[in-house]
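Me: I am new to this structure and would like to learn how to read its features one at a time. Could you take me through them slowly?

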Amino acid sequence: MSACDNNDCIRTSSDIERIDTDAFYRDSITKGFVKVEDIARNIEWVTPTVWGDIQVTINLSKPEKDPAAIAAAAKQKDPDKLCDLCVTQGDIDSGYAKNIQLCDEPWALWYSPYAYFNEHCIAMSWEHRPMHIDRAAFVGLCDFVDQFPQYFIGSNADLPIVGGSILSHDHFQGGRHTFPLHKAPIDRTFTMSAFPHVNAGVVKWPLTVLRLETTDREALIDSACHILDAWRAYTNEELGIIAVTYEGKQAIRHNTITPMLRKKDATYTLDLALRCNITSEKHPLGAFHVHDHLHHIKKENIGLIEVMGRAILPPRLTREMAVDDASVRTEIGERFAEALCCCGVFAWDGEGQAALDVFLGTFASR
Ligand SMILES: [Zn+2]
Ligand SMILES: [Zn+2]
């Protein structure tokens, strides 16, 4: 199905009740929902690279997973909750979550207990249903920044390998934080004849990111769908990008997008990271996943937060490397930037960027 098939969702969100996020966040801390003392244990630094100042964090706030504790927690699980992102009326009553509306639907918002950055919030549909990158997702992201322009918002991709850890429940992540990607400049612009009022460019960034900027909300959503449709159909065997494979008669699609949206005054800035989750004999974990030689730093999926240039590294690094040492920190930051390059579908070499220009040309004039 084309991302543009469903037009029902287009609307403005002026009729929605406003939430005071300052008060909600303060409350979430006071009530102990956001674990500020645990979060303070995280190690954090910045490493200058050719891609800008990469942010590195080692996540020490979450308790190490004890299998017995996990099993016990699973037993006590609320039967209404199919997964950790399911909202219950109890969450609303306790003040843990607040009701919001995105895409004309009931969603909820809460702050991540173990935040990866300031005011890290998660918005989720009340309905337990899979993640989906399509028109409705772009509309939902726009609805979010229309209500909460103080926050960025983004969605993980909707496929394994390139998505986040939870694909089974529709959700976005946002917050009050400036990421390295937000500061990354445009390498070159391109035009789309169908969208003369959308400024489009290729971002100078290790992953392949297209940036759309406009005050026209509908044109933003339409142009994002236009790019998503083109990308979903794009195959380039020389570069190892394969849009679709078949298991028997069933088509398995591999191309998708990690979208990230901000709004300043009336201007929307939408960054679209092109992702492909194809695997190959050489790279069985993913051709555009972190490659083997960097697995000592990072082997988990590169999700939304990391796409934006903020590394979330596992606690084991504190045991395996001298992370207090300045040169080790520089090494880790540079290797993480390299890990992001592994995920770039169009490499920053002559062949990759020439192919990207050809790809841009295929949808620019349509
Ligand atoms: Zn759920
Ligand atoms: Zn690599």
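Reply: We shall go through the metal sites, the salt bridges and a sheet in turn. This is a predicted model, in which local features need pLDDT of at least 70 and side-chain atom pairs count only at pLDDT 80 or more, while totals for chains, interfaces and linings use all residues. Residues are numbered from 1 along each chain as its sequence is written, chains are lettered from A and ligands numbered from 1 in the order in which they are written, and side-chain values use heavy atoms, with hydrogens and water left out.

Me: Which residues coordinate the zinc ion (ligand 1)?

Reply: Donors are N, O and S atoms within 2.8 Å of the metal (3.2 Å for Na, K and Ca), and sites may look incomplete because water is not among the atoms. Here the zinc ion (ligand 1) is held by Cys 83 (SG), Cys 86 (SG), His 128 (ND1) and His 169 (ND1), at 2.1 to 2.3 Å, and along the chain these donors follow the spacing C-x2-C-x41-H-x40-H. Cys 86 lies in the loop between helix H3 (67-75) and helix H4 (89-93), and His 169 in the loop between E6 and E7, so that the pair links distant parts of the chain, 83 residues apart; helices (H or I, at least four residues) and strands (E, at least two) are DSSP runs, numbered from the N terminus.

Me: What is the geometry of the site of the zinc ion (ligand 1)?

Reply: Four donors count as tetrahedral if all angles lie between 85 and 135 degrees. The site is tetrahedral, with angles of 102 to 124° among its 4 donor atoms.

Me: Are Cys 86 and His 169 buried or exposed?

Reply: Buried means under 20% relative accessible area, exposed over 50%, and partly exposed in between (1.4 Å probe, protein chains only). Cys 86 counts as buried at 4% relative accessibility, and His 169 is buried with a relative accessible area of 0%.

Me: What are the protein donors of the zinc ion (ligand 2)?

Reply: They are His 291 (ND1) and Cys 342 (SG), which lie 2.1 to 2.2 Å from the zinc ion (ligand 2). His 291 sits in the loop between strand E14 (267-276) and helix H8 (304-307), whereas Cys 342 belongs to helix H10, 51 residues apart, and both His 291 and Cys 342 are buried.

Me: How many salt bridges are there?

Reply: Side chains of opposite charge can pair when their charged atoms come close. A salt bridge is a side-chain nitrogen of Lys or Arg within 4 Å of a carboxyl oxygen of Asp or Glu, and by this rule the count comes to 26. One of them joins Asp 170 and Arg 129 at 2.9 Å, N to O. Asp 170 lies in the loop between strand E6 (152-154) and strand E7 (171-175) and Arg 129 in the loop between strand E5 (121-125) and helix H5 (135-147), so this pair ties together parts that are 41 residues apart in sequence. Both Asp 170 and Arg 129 are buried.

Me: Where do Glu 331 and Arg 335 lie?

Reply: Both are in helix H10 (residues 326-342), 4 residues apart, which separates them by about one helical turn.

Me: In what order do the 3 strands of the open sheet come?

Reply: Two strands pair if DSSP finds at least two bridges between them. The order is E1-E2-E15, with mixed pairing, and the edge strands are E1 (43-49) and E15 (310-313), each pairing on one side only. Strand E2 (residues 52-58) and E15 pair in the parallel sense over 4 bridges, and Thr 57 has Ile 312 in E15 as its bridge partner.

Conventions. Tetrahedral: all angles 85-135°; square planar, octahedral: opposite > 155°, others 65-115°.
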